[in-house]
Amino acid sequence: MKRILTGDRPTGPLHLGHYVGSLENRVRLQHEYDTFIVIADVQTLSTNFDHPEHLPEDVRHVALDNLSVGLDPDRVNIFLQSMVPQIAELTVFFSMFITVNRLRHNPTIKTEAKQHGFEENMTYGFLGYPVSQAADILFCRADVVPVGEDQLPVVEVSRFIARRFNELYERVFPEPEGLEGEIPRLVGLDGKTKMSKSLGNCIYLSDKSEDIRKKLMSAVTDPARIHKDDPGHPEICTIFSYHKAFNSIESKDIEERCRAGTIGCVGCKKRMFEVLEALLEPVRERRIRFEKPGMVKEILLSGTEAARIEGGKTVDLVRKAMHINYFD
Ligand code: TRP
Ligand code: SF4
């Protein structure tokens, strides 16, 4: 069976952008692929090293988000990055043959450095997070990596590392392929390019019905639509982009009615609310099941154990290929 590896930084709850970017693919492909999901707690420290105190709560939240969208813990291994020592070990080996320049010019690193304001003064760990992410992906010799568009340049680093390792030593790794969601990026509620926690423009998977209704109702639509029958421009409207993402069957019809001025924004938002409720109600029900005391812990411990076993196999191959298996 081919293998998937993907995952999330535990920096807070996951939102609809994560859902269309990667979670939807994880759920859909879990039956066809042997699946590993990393909760990248060490990677979170690349920006949050000075306030680690939220990690326990955020780890639990991200695990619950993954489980409640429908990943089956009997099938999928959800594990903690910091508890798989082979990932740290591979990170060190890989860092020997990737150049600082390649990392500095990585588009994702550049964008994120700007966001966090450390273009001038970047830590070694932040600059190197794509190397550690390559270790997340390659420790289980993954073939496919479902991610949002913004992460593709980071997956590119993993491909480079796999290729380079195979050339330098021995063929150990497949070249992992990034897999984007059908909707490459989801616009935030404020109409800004991307739904993102730091921009505060998100609908979270764990939001209550009432919060979602309020968020949709206060979202900005086409400013040309002052009266209910003013002709609209759906292509510039956030709500319409959500219809395309979550309500593709009706979106053509909504587009036409918006242009003709035969649907009002309030009605259009109400319909969107119903669509999101239909998506999120089963998510809420599953969450309640997984919230039972001890359950998340048990799932993470067993996923981590499976990851360590796989990591052990890969590190044996790597040490042999690099001639550092002295006493085997
Ligand atoms: N960098 C990813 C993000 O910020 C999270 C992540 C960590 C990841 N390790 C990974 C994604 C490995 C895919 C594969 O969303
Ligand atoms: Fe947007 Fe719908 Fe209003 Fe058109 S009718 S502007 S798509 S909310």
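How far from a nitrogen atom of ligand 1 does a polar side-chain atom of D136 lie?

1. This is a predicted model, in which local features need pLDDT of at least 70, side-chain atom pairs count only at pLDDT 80 or more, and totals for chains, interfaces and linings use all residues. Residues are numbered from 1 along each chain as its sequence is written, chains are lettered from A and ligands numbered from 1 in the order in which they are written, and side-chain values use heavy atoms, without hydrogens and water.

2. For D136 the distance is 2.7 Å. Q43 also places a polar side-chain atom 2.7 Å from a nitrogen atom of ligand 1, and for Q133 the corresponding value is 2.8 Å. Taken alone, ligand 1 exposes 360 Å², of which the protein buries 90% (accessible areas by the Shrake-Rupley method with a 1.4 Å probe).

3. The surroundings of ligand 1 comprise 14 residues, the closest being R9, Q43, Q133, D136 and Q151 (a residue is near a molecule if one of its heavy atoms lies within 4 Å of it). At least two residues of this shell come from each of β1 (3-8) and α8 (129-138), and β1 gives the most, with four residues.

4. D222 belongs to the loop between α10 (209-217) and α11 (238-246) (helices are DSSP runs of H or I with at least four residues, strands runs of E with at least two, numbered from the N terminus). The side chain of D222 reaches the backbone nitrogen of A224 at 2.9 Å. Beyond its neighbours within four places in sequence, D222 is in contact (heavy atoms within 4.5 Å) with P231, G232, H233, I236 and C237.

Note on methods: Polar contact = N/O pair within 3.5 Å; in protein donor to acceptor, adjacent residues only side chain to side chain.
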